Amino acid sequence: MKDDRINTLAMLAAAAMFFSTLEYLIPKPVPFFRIGLANLPILVVLPFFRNRDMAALALLKVIGQGLINGTLASYVFLFSLFGTTASVFVMVLFYRIGGRHVSLIGVSALGALASNVVQITLSVQFIFGPRSWVIAPPFLIIGTIAGAFLGVVAGSFSRDSQWLMRLRREYRGEAAQ
Amino acid sequence: MSLRRQRPWMLRNISATLLFYGGIATLPAFLFQSDIIIRAAQVVLFGVLAVFAGKRLQWAYFLSVLATVTLFHLLVPSGAVLADPLGVPITAGALRTGLYKGLTIVGMVFLSLASVRADLRIPGQVGAILGKTFWSFEQIMERRSTIEIRSIGSGVDRLLMGLSNDLTQLDADAQVEDTQSRKGTARRSSPVGALVVGTIVALQWTLLFL
């Protein structure tokens with residue numbers, strides 16, 4: 001892997017860790033609910049990152065989040081790992097299939113939905129039992145709205161960011177070689 | 001850069017690699033610690049170590065993080081009511097959970113700041129990514145005050161642009177031996193330096209089993 005790509009992955013993973021610290025300050029209207037600010041770095045590079053780099057970034061994000069939140073040694077880490085994997089898989093799939101017809105808002109909302117469905121299913125199966133379904137509707141609705149909101153933020157940053165423009169050029173240049 | 005502000009003793013006696021692995025070895029002992037008093041003491045220790053490692057700590061900011069996390073947890077009552085100011089119950093369970101979580105996040109940031117420095121080089125691609133991730137996180141935490149609320153997007157953009165340039169510079173420095181940024185830093189730890197790091201790590205694990 002080239003130094004440039006290692007640097008980019010490291011920066012994005014560090015940004016995800018930073019957003020995890022910010023997320024800690026935000027109150028949770030529903031238990032286990034997260035806005036998912038740490039997904040912002042994944043969203044902004046979704047249009048041009050290679051799939052394997054997306055997978056590496058997702059893994060680094062989950063580990064960083066676990067470190068920052070102190071959940072690395074708990075079931076929350078596994079929930080986060082499976083939720084993020086599902087979310088990134090769905091987002092990459094829909095973005096690649098949908099192309100120009102899909103916006104970051106829609107992709108982000110779908111990613112949030114996938115992550116939350118997986119986490120509720122795991123919670124029902126392994127931790128809290130069928131009672132977990134009680135929190136499913138508000139969890140899914142608020143999570144999807146938060147996902148769409150993140151998509152708006154990511155879209156706005158993608159349009160204006162000079163750094164992202166430079167990164168996009170570098171990646172496309174590398175792919176063309 | 002952080003290296004200039006580091007205590008010369010640390011630079012001369014403790015290598016960046018030992019410092020990093022010391023931080024990694026301390027991490028589980030901190031995360032598994034369930035005693036809130038010990039955890040608070042660990043946070044203070046990590047903060048002091050971060051200062052000794054040359055990092056600028058804004059104690060007021062971290063206190064406000066701790067207060068905010070605790071406050072939000074108090075909104076969901078749990079356990080015995082300790083006090084009832086202005087009709088808002090302060091419950092023991094919520095207070096403990098809030099403080100515990102707040103101390104966890106502040107402690108993790110302090111530990112990261114204390115154990116990562118600019119001349120850290122971990123072999124292999126995974127090592128490179130991990131080392132640079134922690135270094136970038138430390139830099140973001142140091143530079144976050146440059147981001148203004150009114151223009152968050154452009155502030156973040158400038159920060160990332162600067163960080164990207166600095167990472168490229170780090171790579172260039174790594175290829176040139178005896179560059180200014182590494183001059184005077186220990187490639188290998190001295191016995192005393194290793195003893196200090198070992199003692200701190202051993203102390204954290206001892207506290208876990210008390």
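**Close-up views of a predicted two-chain model**

**View 1. Helix 9 of chain B and its partners.** The buried residues of helix 9 of chain B pack against helix 2 (8-13), helix 3 (16-31) and helix 4 (36-52) of chain B. Those buried residues are G193(B), V197(B) and Q204(B). Seen down the axis of helix 9 of chain B, they fall within an arc of 25°, so they line one face of the helix; the arc is taken from the directions from the helix axis to the C-beta atoms. A residue is buried if 20 or more other C-beta atoms lie within 10 Å of its own, and exposed if 12 or fewer do, with C-beta atoms placed from the backbone. Helices here are DSSP runs (H or I, at least four residues), as strands are (E, at least two), numbered from the N terminus.

This is a predicted model, in which local features need pLDDT of at least 70 and side-chain atom pairs count only at pLDDT 80 or more, while totals for chains, interfaces and linings use all residues. Residues are numbered from 1 along each chain as its sequence is written, and chains are lettered from A in the order in which they are written.

**View 2. The other face of helix 9 of chain B.** Turned away from the buried side are the exposed residues P191(B), V192(B), L195(B), T199(B) and T206(B).

**View 3. Where chains A and B meet.** The contact (C-beta atoms, placed from the backbone, within 7 Å) takes 30 residues from chain A and 29 from chain B. Helix 1 of chain A gives the most to its side, with twelve residues.

**View 4. A loop residue, G87(B).** Look for G87(B) in the loop between strand 1 (81-83) and strand 2 (90-91) of chain B. G87(B) counts as exposed because it has 5 C-beta neighbours inside 10 Å.

Notes. Contact = placed C-beta atoms within 7 Å.
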